[in-house]
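Trainee: Hi! I'm new to this one, could you walk me through it?
Mentor: Happy to, let's open it up together.

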Amino acid sequence: LFAAEGYRVVNISRSPIALANAVQLGIDIAEPDWALRHGDAVRAAVAGSESIALVHNAGLLTKDSVANVDAATLHRVLQVNVVACVQLDQLLLPAMQAGSSIVYVGSTLGEKAVAGSCAYVVSKHALIGLMRATCQDLAGRGIHTVCVCPGFTDTEMLHAHVGHASEVLELLAAGVTFGRLIEPEEIARTILFCAQNAVINGAVIHANLGQVER
């Protein structure tokens, strides 16, 4: 969607994306020192850009609870979901001119919780705090920031988390006023809108089709 809007897409992930002409940087942000080892490549990929739309959409979801989550798992989830965002911000901010944007992809679980996802819930709450700090720290630079919080979206990560159980997916869909899971394209359109509209600077945007309150 961004490519169709004329953006040059730079992908930072362990594996390439299926998008022609995308700049593919094979980086594992779960490694704490990734920014030191790959910083030059990241900076080179955006050199000369008039504006940058930085989208933090990597995520790690684990099954755990406050009673059993171990420190190593919590560290890894926080590294991927929060710390790597700060590292990437710091790499790119020197190149980000007025009109640029930073969009954090949070979760409905950034402002509520469910059982069995302790590390993820903690990390997504932290991400909203990071977005708000970003807004305040970049005041006057003409760079805006938003945290988009999707609800249950039809992604590989969600299917894997529920063990590919169709009955669980149906229960999740029943908890939404539209009675279905969100399509990834719907979240993409929301992210694009946020990246292009500075008026929503500092905002938490819930994109969840309206969850049923019980």
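Mentor: Let's begin with two helices: the crossing of H1 and H2 is right-handed. Keep in mind that this is a predicted model.

Trainee: Okay! At what angle do the axes of H1 and H2 cross?

Mentor: Roughly 50°, and the axes come within 10 Å. H1 covers residues 34-46 and H2 covers residues 71-92.

Trainee: New topic: how many aromatic pairs does a search of the whole structure find?

Mentor: One. The partners are Phe2 and Tyr7, arranged edge-to-face, with 5.0 Å centre to centre and 70° between the planes.

Trainee: Phe2 first, buried or exposed?

Mentor: Phe2 is buried, at a relative accessible area of 17%. Tyr7 has 27%, so Tyr7 is partly exposed.

Trainee: Last one: where does Ser117 lie?

Mentor: In the loop between strand S4 (101-105) and helix H3 (118-137). Ser117 has 4% relative accessibility, so it counts as buried.

Trainee: What is Ser117 in contact with, leaving aside its neighbours within four places in sequence?

Mentor: Ser117 is then in contact with Leu61, Thr62, Asp64 and His161.

Notes:
Residues are numbered from 1 along each chain as its sequence is written. This is a predicted model: local features need pLDDT of at least 70, side-chain atom pairs count only at pLDDT 80 or more; totals for chains, interfaces and linings use all residues. Side-chain values use heavy atoms; hydrogens and water are left out. Rings of Phe, Tyr and Trp (its six-membered ring) pair if their centres lie within 6.5 Å; planes under 30 degrees apart count as stacked, over 60 as edge-to-face and the rest as tilted. Buried means under 20% relative accessible area, exposed over 50%, partly exposed in between (1.4 Å probe, protein chains only). Axes are lines fitted to C-alpha atoms, for helices over the stretch in contact, and angles run from 0 to 180 degrees between N-to-C directions. Helices (H or I, at least four residues) and strands (E, at least two) are DSSP runs, numbered from the N terminus. A crossing is left-handed if the near helix is turned anticlockwise from the far one by less than a right angle, and right-handed if clockwise. Contact means heavy atoms within 4.5 Å.
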